[in-house]
Amino acid sequence: MPRLLATYRNFSPAILLLALCLAAPASAEVRITPTPDDGLQPRLVTDAGGSLHLLYFRKRSESRGVREGNLYYRPYLADAGRFGIPVRVSSQAFALQSYAINRAAMAVDGSGRVHVLWYVPRDSAFYYSRSNPERTAFEAQRSMVITFAEGLDAGGDVAAFEDNVAITWGAGDLSREHARTMFARLSTDGGASFGRETSISDPALGACACCSMAAEYLDDSSLLVAYRSAIDGVGRHM
């Protein structure tokens, strides 16, 4: 079971431009480019081998009044200098929310699978899906939070290292932030199955209900979780 290390960090809002580092550090080229498909709320991550992976939301219609759409994944094809074909992640369309902390989260494990976690306000639920190792298709989405689902704040995250996958989120009464705390579900088989929902933070610290959070594996036995506290409802520390 991974050891959990709690710390705190703040995050700036999402932007709709991608900065791609496309060469060796000594001569790196930074390219600013719009998200493909007029995509919204993009996530760009680099895997252990240095490959880039993009996740974004695409509306199903160009009509200004339409908010529903799906999440899509694209690999970056370094040799071609472009993103690959889009692969749909979410099994069901959902309405986009404009708040930055609502952005979907993505991680890539040691076998090359992509793991995605997103929040759907209409269902008050976090959904998870993973790709096949070739990243050409995603499994049917799964609802991940049942027991500790009160006051979900849309700021969940997913982390992966080798066969370890962690889903983390904050929960509790939105009007009593000092009583909120952080939770996680852990997988040791690449996301095929997850353990029970478990509290992972000090209850005395509380947890901010409107702040982002993040998780990342340091190695196969240590998971770093970053979030903002709400000690006595006002103690905002990272």
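**Notebook: core, salt bridges and a charged patch**

I began with Gly69, which counts as buried because its relative accessibility is 0%. Buried means under 20% relative accessible area, exposed means over 50%, and partly exposed is in between (1.4 Å probe, protein chains only). I noted that this is a predicted model, where local features need pLDDT of at least 70, side-chain atom pairs count only at pLDDT 80 or more, and totals for chains, interfaces and linings use all residues. Residues are numbered from 1 along each chain as its sequence is written, and side-chain values use heavy atoms, with hydrogens and water left out.

**Entry: Gly69 and its strand**

I placed Gly69 in strand E6. Strands (E, at least two residues) and helices (H or I, at least four) are DSSP runs, numbered from the N terminus. I then looked up Lys59. Gly69 and Lys59 are ten residues apart in sequence, yet their C-alpha atoms are 4.1 Å apart in space.

**Entry: the core**

Which residues touch the most other members of the largest nonpolar core? I found Leu71, Val89, Val116 and Trp118, in a core of 18 residues. A nonpolar core is a set of buried Ala, Val, Leu, Ile, Met, Phe, Trp, Tyr and Cys residues joined through side-chain atoms within 4.5 Å. Strands E5 (52-59), E6 (68-77), E10 (105-108), E11 (114-120) and E12 (125-130) each give two or more residues to this core. E11 gives the most, with four residues.

**Entry: salt bridges**

How many salt bridges does the structure hold? I read eight. A salt bridge is a side-chain nitrogen of Lys or Arg within 4 Å of a carboxyl oxygen of Asp or Glu.

I took Asp37 and Arg74 to start. Their closest N and O atoms are 3.0 Å apart. Asp37 lies in the loop between strand E3 (30-34) and strand E4 (40-46) and Arg74 lies in strand E6, so the pair ties together parts that are 37 residues apart in sequence. Asp37 is partly exposed, at 30% relative accessibility. Arg74 is buried, at 12%.

Next I checked Glu139. Glu139 forms a salt bridge with Arg130, with 2.8 Å between the closest N and O atoms. Glu139 also meets Arg142 in a salt bridge, at 3.5 Å from N to O. Is Arg130 buried or exposed? Arg130 is buried, because its relative accessible area is 10%. Glu139 is partly exposed at 29%, and Arg142 is partly exposed at 24%. I also noted a network: salt bridges that share partners join Arg60, Glu68, Arg122 and Asp123.

**Entry: Pro133**

I found Pro133 in the loop between E12 and strand E13 (142-143). Pro133 is partly exposed, with a relative accessible area of 34%. Pro133 and Ser111 are 22 residues apart in sequence, but 6.2 Å apart in space, C-alpha to C-alpha.

**Entry: a negative patch**

Glu162, Asp163, Asp189, Asp219 and Asp220 form a negative patch. Patches are made of residues with over 30% relative accessible area and no salt bridge; like charges are joined within 9 Å, and nonpolar side chains (Val, Leu, Ile, Met, Phe, Trp, Tyr) within 5 Å. Where is Glu162? Glu162 sits in the loop between strand E14 (157-161) and strand E15 (164-171). Glu162 is partly exposed, at 45% relative accessible area.

How values were computed
Accessible areas come from the Shrake-Rupley method with a 1.4 Å probe; for residues, only the protein chains shown count as cover. Lys and Arg count as positive and Asp and Glu as negative; His and the chain ends are not counted. The place of a charge is taken as NZ of Lys, CZ of Arg, CG of Asp or CD of Glu.
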